[in-house]
Amino acid sequence: MTGSLTLPAPAKLNLFLHIVGRRADGYHELQTLFQFLDYGDDLTFTLTPDQPDIRLTESMTDVPDDDNLVIRAARALAARSPAPLPGVRIAITKRLPMGGGLGGGSSNAATTLLALNHLWQLGLSEDELAELGLGLGADVPVFVRGHAAFGEGVGERLTPVEPAEDWFLVLKPACNINTGKIFSEEGLTRNTPRITIAPAFEGDASRYRNDCEDVVRKLYPEVNQSLEWLAQFGPARLTGTGACIFGRFPTESAARIIWESKPSGITGFVAKGVNHSPLHKKLTELK
Ligand SMILES: C[C@](O)(CO)[C@H](O)COP(=O)(O)OP(=O)(O)OC[C@H]1O[C@@H](n2ccc(N)nc2=O)[C@H](O)[C@@H]1O
Ligand SMILES: Nc1ncnc2c1ncn2[C@@H]1O[C@H](COP(=O)(O)OP(=O)(O)OP(=O)(O)O)[C@@H](O)[C@H]1O
């Protein structure tokens, strides 16, 4: 059991995000459409059979190693092994903004679960990994499953769907948004009627909305301004609880033309929406 493996941890978008209720424990019940982007972080895993510990090669700014979802995922998985395991060094190449609504931390956790299940030859099923992932964060299971999905509950009940694989311009306004703060706002819409979606959903997600958007626009003028700017070119929407926003385009060049004209001070990227996770594509190639 030696070796080194580099795998992608892609971003997700919430093509729409409806809040349909609130559970007794305060968590919000959602209906959301997850699609992956062909853009994200990379994680490199190197087994160290002579040293048993699980370590990052470099700590991330502002995240203590013990809180890093990569370390937490690796430890949670190791706890499922009856036998001692070789140690591992994990290098994170971070491209996704933190607290951006792109699910970077959750995706890092899912990539870690799948990579180490493979390298440690643990043989846990996808269901077991998704359940383990849910304990780390509501967005982890969709990254473990690796297929675009209609998500319900807190996002853990997933129905695979096939939305159009368009191009996206993703912008990160210059602010960070705490998910918990948005979900605790009094003015948040929490009673959007439930919708049903055919399993073969190929529909137009632009008919739906992100229920966090009004509250986020009021609290963060940077997001409001960016949405207004992007909306000149077509429907513009928030992903998750922000701060990132996205516009949808039929071609890469159409998205890049708008990207070139973006106001100064905003960062972002152009990426393709994909229904099969780049992580799963890479893992399939390894088999
Ligand atoms: C907004 C989404 O990104 C949509 O995909 C996710 O639902 C966010 O899920 P997540 O990353 O697991 O969220 P966390 O960062 O753990 O949530 C922080 C806090 O937001 C609140 N929270 C989060 C998710 C949810 N469905 N209802 C909530 O009320 C809870 O108070 C929670 O303690
Ligand atoms: N490996 C990691 N990468 C990014 N964030 C991490 C990681 N480990 C822990 N975190 C913590 O998780 C928080 C949320 O990070 P994440 O990138 O998933 O946010 P997000 O894009 O807003 O996701 P979501 O759409 O789930 O709200 C960060 O602010 C950070 O404190």
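I began with one pair: Leu33 stands opposite Phe150 in E5. That pair belongs to E2 and strand E5 (residues 149–153), which run antiparallel over five bridges. For me, strands (E, at least two residues) and helices (H or I, at least four) are DSSP runs numbered from the N terminus, and two strands pair if DSSP finds at least two bridges between them.

Before going further, I noted that this is a predicted model, where local features need pLDDT of at least 70 and side-chain atom pairs count only at pLDDT 80 or more, while totals for chains, interfaces and linings use all residues. Residues are numbered from 1 along each chain as its sequence is written, with chains lettered from A and ligands numbered from 1 in the order in which they are written.

Which other strands pair with E2? I found strand E1 (residues 4–22), antiparallel to E2 (residues 28–48) over 16 bridges, and there Ala9 faces Asp41. E1 and E2 make a hairpin with five residues between them, and Gly26 in that turn has a positive phi of about 95°. Strand E4 (residues 87–93) is also antiparallel to E2, over seven bridges, with Thr44 opposite Ala91. Strand E10 (residues 267–274) joins E2 in the antiparallel sense over two bridges, and Phe36 has Val274 as its bridge partner.

Next I checked ligand 2. I counted a residue as near if its C-beta atom, placed from the backbone, lies within 6 Å of the molecule. The ligand has 19 residues around it, and Leu69, Gly104, Gly105, Asn108 and Gly240 are the closest. Helix H1 (69–78) and helix H2 (104–119) are the elements giving two or more residues to this shell, and H2 gives the most, with four.

The peptide bond from Gly242 to Ala243 is cis, with omega near 10°, and Ala243 lies in the loop between strand E8 (236–238) and strand E9 (245–249). Asp62 is not a glycine, yet its phi is positive, near 75°; its place is the loop between strand E3 (54–56) and H1.

Is Asp62 buried or exposed? I use buried for 20 or more other C-beta atoms within 10 Å of a residue's own, exposed for 12 or fewer, and partly exposed in between, with C-beta atoms placed from the backbone. Asp62 counts as exposed because it has 9 C-beta neighbours inside 10 Å.
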